Structures are given as structure tokens and as C-alpha cells.
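Please open the structure in a viewer and keep a selection tool at hand.

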Amino acid sequence: MDFKDLAKEISSRSKIKINRKNIERLLGALRKTKLPWELVDLSDFPVPAVFESMKVLEEKEIISISDAGFKLTARGKEVVKDIHPVEDISCSDCEGRGITLEKFSDLEKKFLRVQKNRPGAIRRFDQGYVTPKTTLSRFAVAYERGDVVGKEIILLGDDDLMSIALGLSGLTKGITVVEIDKRLTDFIQETADKEGFKINVQTVDLRHPLPKEHVKKYDAFITDPPETIKAADAFIGRGIASLRAPGSAGYFGFTRREASLTKWYDVQKLLLKYRIVFTDIVHNFNEYVNWGYEEETRAWRLSPIKVRPRKNWYRSALYRFETLDGFRGNFKDYGEENIYEDVESSTT
Ligand SMILES: [Fe+2]
């Protein structure tokens with residue numbers, strides 16, 4: 001079977017550019033799971049294209065679809081017989097993140113206790129937060145790279161409560177949170193007061209340029225933008241604007257679930273124009289807790305089978321970069337524009 005033609009048909013129907021490699025991976029994933037959300041997780045390309053693929057494969061009688069899941073037909077088994085099943089052989093200790101939390105067992109205990117009462121994710125702000133272990137591991141990476149101890153750090157949106165992990169560590173020089181959701185800013189401020197660390201919290205809409213008092217002030221920023229080019233440009237571009245000097249660091253998450261590699265290329269290219277250089281991209285570093293409003297999302301509407309995810313399926317890569325001489329940020333004002341959705345996005 002020619003996967004190139006199949007890829008072409010799916011690309012044209014889903015309006016998302018996919019290739020032979022994506023099909024190969026999807027079929028390899030089909031040899032491992034029959035559940036829609038696990039299939040997306042293993043296939044590593046945008047949800048709307050994965051689900052469109054399943055419809056095409058059903059029409060071609062390669063799979064059958066029922067409430068129990070996807071099943072390869074006799075013809076399908078023939079098609080996939082030379083495809084290697086997808087395997088997860090990432091390190092079980094660190095879950096493939098490449099960092100240990102051994103040094104931070106006290107912090108881990110405190111953070112796990114404190115985050116229990118956190119506000120849930122709400123759809124209005126495209127929220128979806130990561131597991132506590134992800135937040136702690138992100139902290140550990142930033143610590144290891146020299147971006148925590150004695151540093152001024154800004155969080156642009158802090159759904160993941162990085163500010164609390166940083167605050168509890170007592171290692172930073174200063175922590176600032178700009179966040180649009182008052183439930184979160186209140187929770188972070190109350191936690192800081194209770195646990196006795198200092199934090200500067202402010203309500204900011206990142207569609208507008210960063211307030212002057214935050215420009216060129218920080219050694220590092222951390223953000224997790226919605227997965228469109230414009231939102232990435234806005235959130236990460238504001239982050240770069242907040243950085244003090246060459247050698248300052250930026251951290252952000254970017255997924256394959258809502259972004260094709262073409263979009264990855266566009267985002268990387270536009271960020272390079274700000275004169276930054278990527279130092280790290282860690283695959284599937286960020287694991288998101290199922291956010292509880294699945295049924296309201298486009299992903300749910302597109303799914304050929306309406307079953308709720310049994311385990312966390314949404315992951316993103318952790319990106320880190322550093323600024324070079326002559327770096328600059330994004331000061332464009334997007335007004336009230338909806339910069340949060342595009343053809344590849346599906347979880348808002
Ligand atoms: Fe490991």
C-alpha cells in the first residue's frame with residue numbers, strides 16, 4: 001500500500017500537512033492500542049489529522065470502528081504486517097525527562113501538599129495544567145541549567161504553579177507572575193503568604209504588549225502558550241521582551257498534538273528572528289492532567305469514538321533557549337483578536 005497517496009488524501013481532507021512517516025507511526029500505534037486518546041499520544045501528530053486518518057482507514061476497510069475502539073481488519077493486518085509497533089522505551093525513573101528529583105525530596109513533599117487545593121482548569125482561558133511531577137521536573141531542569149539560584153524569574157501564565165515550586169525552594173532572587181485568571185493569582189498569592197515566600201503577582205492579558213515595568217528585567221521566563229503561531233509569538237515574544245541580557249533563558253512547552261512539524265518549523269523560524277538559540281528540546285516532557293471539559297472540545301467532536309481518556313494523553317515538548325547579543329522581544333498588540341485557535345488546534 002502506498003502511504004504517500006494515503007497521506008495526500010488525509011492532508012487534503014484535514015487541511016493539515018501530514019506525510020508518509022506520520023502514517024507509518026499511526027499504523028505502528030494501531031498495533032499497540034485501540035483507544036482514540038492513546039492513539040493520538042503515540043502517533044504524535046495533530047488530533048484532527050489523526051481522527052481524519054481513522055475515517056479514511058475505515059473507508060478503505062483497513063480498520064473497523066466500534067465503541068470498543070479501533071480494530072484492524074484482515075486487510076488492515078496485511079497492510080501493517082511490516083510496520084514495527086510503536087514502543088515506549090523511555091527511562092522509567094525520570095519518565096524520559098532526563099532529570100532526577102532526588103535532591104529535592106523536601107520540596108517535592110511540600111509542593112505535592114500545597115497544590116492539592118489548586119483551582120481546576122477552565123475552558124475560557126484554554127487551561128490545562130501539567131502533573132505536579134512535570135512542574136517539579138521543570139524546576140529541576142531550570143535549576144540544573146543555572147536559571148534558578150539567585151535569579152529573577154517571570155512566569156507568563158502560571159497554570160502549572162511553577163511560581164509556587166520556585167517560591168517553596170527559597171532559591172530565587174525574585175518571582176513574578178503575570179496571569180489573566182484571578183482564581184490562579186489569588187491561589188498563588190494566598191499560598192505565598194501562608195508558606196512565607198515573596199511573590200509579585202499581576203493580572204495581564206498577553207495579547208497586549210508587556211507592561212513597561214517588566215521589560216528587560218528578568219534572567220529567565222517560563223510560559224506555556226496555546227499552540228497557534230500567533231499565541232506562541234505573543235506569549236514567547238513577551239517572554240523574550242522581559243529578559244535582561246544575552247544569556248538569559250526562556251522555557252516553553254510546545255506539543256505535536258495540536259501542531260504539525262510544519263507549524264513547529266514556522267514557530268522555530270519566527271523565534272530565531274528574535275536572536276535566540278535553542279539549547280534543549282525534550283520530547284514529551286510535559287504531561288497534562290485530563291482537564292475535565294473534554295466533551296466540550298473540538299477534539300471530542302472529531303473523535304470517531306466518544307470515550308473519555310483513561311489516562312493522561314496530552315504531552316508536549318519542553319523547549320529551552322538563550323538570548324544572544326542584539327536579541328529583541330515582541331511588542332505587537334493583538335487587541336481583542338482570537339489568537340488561540342487554528343486548523344490544527346482542537347482542545348479549546
Ligand atoms: Fe532517567
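Predicted model: local features only at pLDDT ≥ 70, side-chain atom pairs only at ≥ 80, totals over all residues.

Begin by colouring residues 3-80 as domain 1 and residues 102-323 as domain 2, the two parts into which the protein chain is divided. Their centres, taken over C-alpha atoms, are separated by 31 Å. Where the domains meet, domain 1 supplies 20 residues and domain 2 supplies 16 residues. On the side of domain 1 that touches domain 2, select α3 (36-43) and α4 (47-59), the elements that each give two or more residues. The residues on that side of domain 1 comprise 13 nonpolar, one polar and six charged.

**A perpendicular pair of helices**

Next, select helix α1 (residues 3-14) together with helix α2 (residues 20-30). Their axes come within 8 Å and cross at roughly 100°. An angle from 65 to 115 degrees counts as roughly perpendicular, and α1 and α2 are therefore described as roughly perpendicular to each other. To see the contact itself, display Phe3, Lys4, Leu6 and Ala7 of α1 with Arg20, Asn22, Ile23 and Glu24 of α2. By class, this contact of α1 with α2 has four nonpolar, one polar and three charged residues.

**A parallel pair of helices**

How do helix α8 (residues 162-169) and helix α9 (residues 182-195) pack? The angle between them is about 10°, and their axes are 10 Å apart. Angles under 35 degrees count as roughly parallel, so α8 and α9 are roughly parallel to each other. Here the contact is formed by Ser163, Ile164, Gly167 and Leu168 of α8 and by Ile188, Thr191, Ala192 and Glu195 of α9. The contact of α8 with α9 has four nonpolar, three polar and one charged residues.

In soluble globular proteins, nonpolar side chains tend to be buried together. Turn now to the largest nonpolar core, which has 57 residues; Phe139 and Ala165 touch the most other members. Helix α10 (residues 229-242) contributes the largest share of this core, seven residues. Centre the view on Phe139: leaving aside residues up to four places away in sequence, Phe139 touches Met162, Ala165, Leu166 and Ser169. A second, separate core has 26 residues, including Leu42, Met54, Ile62 and Ala299.

**A residue within α10**

Select Ala232, which is found in helix α10. Is Ala232 buried or exposed? Ala232 counts as buried, because 25 C-beta neighbours lie inside 10 Å and the cut-off for a buried residue is 20 or more. Beyond residues up to four places away in sequence, Ala232 touches Pro225 and Val267. For a distance to display, take Ala232 and Gly157: they are 75 residues apart in sequence and 13 Å apart in space, C-alpha to C-alpha.

**Two residues with positive phi**

Most residues other than glycine have a negative phi. Two final selections depart from this pattern. Glu95, in the loop between α5 (74-80) and α6 (105-114), has a positive phi of about 55° although it is not a glycine. With 17 C-beta neighbours inside 10 Å, Glu95 counts as partly exposed. Arg275 lies in the loop between α11 (261-272) and β8 (276-287), and its phi is likewise positive, about 65°, although Arg275 is not a glycine. Arg275 has 14 C-beta neighbours inside 10 Å and therefore counts as partly exposed.

Conventions. Residues numbered from 1 in each chain as written. Core = buried A, V, L, I, M, F, W, Y, C linked by C-beta atoms within 7 Å. Buried ≥ 20, exposed ≤ 12 C-beta atoms within 10 Å, placed from the backbone. Helix = DSSP H or I, 4+ residues; strand = E, 2+ residues; numbered from the N terminus. Contact = placed C-beta atoms within 7 Å. Axes fitted to C-alpha atoms, helices over the stretch in contact; angles between N-to-C directions. Parallel < 35°, antiparallel > 145°, perpendicular 65-115°, else oblique. Nonpolar A, V, L, I, M, F, W, Y, C, P; charged D, E, K, R; others polar. Domains from an automatic or database assignment.
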